[in-house]
Amino acid sequence: MTIRRCIVLLAALLLAHGCSVESQDIVFEVTVVQWSNPDSPEVGATVILEEQRLQNGVLNAFYSEVGRGISDGLGPVTLSTVRSNVLSIRIRVEQDGCFDEWIEFNPEDLVANGLPYEVDVVVMPQCLVTSSVVHDGSVCPSGELIYRWI
């Protein structure tokens, strides 16, 4: 009788363990660094987690914001979302005077195992280039000056 009880108890434990609910949270830890110095963290950058989700059988073509944080230079910005019905996920980073950066993810490649995905984003400063072309007076064969940006 004791062997039978042990088998029943073992089967009940295995069944209970196999029926545990898996976490559906996908967690991102985003570190933002400067383009000119990748070892230096960018302070004050806005990190936004966006997703496209299927709701009630309808796909909204626009991305919806599900999380936002500001980089402080002390550590990564942590953002999370729930995996179910997500069709597309991206992280957008905005910083004054810099180009916006987007990193896109395929939700099928992301596993909700409780471990965060470490994402490094490099922000590049914008600049304004002013240029002028001065004709020195020599005669061009066609009479017009042609120039090209390379």
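In what order do the elements of the protein chain run from the N terminus on? The order is α-β-β-β-β-β-β-β-β, giving one helix and eight strands. Helices (H or I, at least four residues) and strands (E, at least two) are DSSP runs, numbered from the N terminus. This is a predicted model: local features need pLDDT of at least 70, side-chain atom pairs count only at pLDDT 80 or more, and totals for chains, interfaces and linings use all residues. Residues are numbered from 1 along each chain as its sequence is written, and side-chain values use heavy atoms, with hydrogens and water left out.

**Whole chain**
- Of the 150 residues, 26% count as buried (under 20% relative accessible area, 1.4 Å probe, protein chains only).
- Contacts are heavy atoms within 4.5 Å. Among those between residues at least 6 apart in sequence, 63% join residues at least 24 apart.

**T81**
- T81 sits in strand β5 (residues 77–82).
- T81 counts as buried because its relative accessibility is 7%.
- Beyond its neighbours within four places in sequence, T81 touches Q24, D25, I26, L49, E51, R53, V66 and I89.
- The side chains of T81 and R53 make a polar contact at 3.4 Å (a pair of N or O atoms within 3.5 Å; one must be able to donate a hydrogen and the other to accept it; residues adjacent in sequence count only if both atoms are side-chain atoms).

**Loops**
- N85 lies in the loop between β5 and β6 (86–94). N85 is not a glycine, yet has a positive phi of about 65°.
- W35 lies in the loop between β1 (25–34) and β2 (46–55).

Key. Buried means under 20% relative accessible area, exposed over 50%, partly exposed in between (1.4 Å probe, protein chains only).
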